[in-house]
Amino acid sequence: MPVEITWWGHATCTVEDSNVRVLTDPLFARRLAHLRRRRGLLPPPNAWRADVALVSHLHADHLHVPSLARLAPGTRLLVPRGAPRAVPGLRRLAHLRVSEVEPGDETSVGGLRVRAVPARHDGRRLPVGPHRSPALGYVVEGEARTYFAGDTGLFEEMAKEVGPVDVALLPVGGWGPYLGEGHLDAGRAAEALARLAPGSAVPVHYGTYWPIGMDAVRPHEFHAPGEEFVRLASRRAPGVTVHRLEHGESVRLEAGR
């Protein structure tokens, strides 16, 4: 099969294509600051295996240094340009092969080509941080073309910047009761799907982490985005097959399906 997608929770996925394992935004923590993992078991050690790991932006739930430290020596790690300056902990990961990338950069890993594409999201490590790095998405091109959006808002040039893809891994929610600017909810993700027109899509970035002590605050924002995306995508992009995975579940896809 051209591509196998496993969703481990939040924005962490394994994409297997052309005998290469790609890991997106690795996050293997039970707790992160004020967030607690409320759904899905922690990813097992085999989830840490990758030939290349992709980091979309500097926020701690996407660039998580302790999780990156678990990757095997020699693993390629692509991070937004300027990330080591903004996140000093990255410099301690001497066992990884770290490359800084920005939109338009391409990296070859085995039989894959990984292309960094723009995202509309705050690229700073902290809300008032002085160091800026571009927020990125990535297109993984092998036997299939898989788009990992990272965190992004909807933007006019999305389809042009991303290009034709077979599979889209789209964020449809978040980790709190309200989504700020630069995010996709289920409705905006369905609109992105209509613009991108892949053969298949997998919703991610929902239903995993939630603020401690806020279990009863707008719980539908935690539980509902995946099913809501499936419902809205059937209206906005009826030609796209949506695979709503459970934590740790995989799907094998032919290109364009």
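Me: Which residues does His 62 touch, leaving out those up to four places away in sequence?

Reply: Keep in mind that this is a predicted model. In it, His 62 touches His 10, Ala 11, Asp 25, Pro 26, Val 55, Ser 56, His 57, Asp 151 and His 205, with residues up to four places away in sequence not counted.

Me: And where does His 62 lie?

Reply: Look at the loop between strand S6 (52-54) and helix H1 (65-68).

Me: Is His 62 buried or exposed?

Reply: The cut-off for buried is under 20% relative accessible area. His 62 has 0% relative accessibility, so it counts as buried.

Me: With which side chains does the side chain of His 62 make a polar contact?

Reply: One is the side chain of Asp 61 (3.4 Å), and another is that of Asp 151 (3.5 Å).

Me: Okay, now the nonpolar core. How many residues does the largest one have?

Reply: First the general idea: in soluble globular proteins, nonpolar side chains tend to be buried together. Here the largest nonpolar core has 53 residues, and Tyr 138, Tyr 147, Leu 170, Leu 193 and Phe 229 have the most contacts inside it. Helix H4 (residues 186-196) gives the most to this core, six residues. Apart from it lies another core, of 20 residues, including Trp 8 and Val 87.

Me: What does Leu 170 touch?

Reply: Among its contacts beyond four places in sequence are Tyr 147, Leu 193, Val 204 and Phe 229.

Me: Last one: where is Val 251 found, and is it buried or exposed?

Reply: Val 251 sits in strand S17 (residues 250-253). Its relative accessible area is 11%, so it is buried. Its contacts beyond four places in sequence include Val 3, Ile 5 and Val 202.

Conventions. Residues numbered from 1 in each chain as written. Predicted model: local features only at pLDDT ≥ 70, side-chain atom pairs only at ≥ 80, totals over all residues. Heavy atoms only, no water. Core = buried A, V, L, I, M, F, W, Y, C linked by side-chain atoms within 4.5 Å. Buried < 20%, exposed > 50% of the residue type's maximum accessible area, 1.4 Å probe, protein only. Helix = DSSP H or I, 4+ residues; strand = E, 2+ residues; numbered from the N terminus. Contact = heavy atoms within 4.5 Å. Polar contact = N/O pair within 3.5 Å; in protein donor to acceptor, adjacent residues only side chain to side chain.
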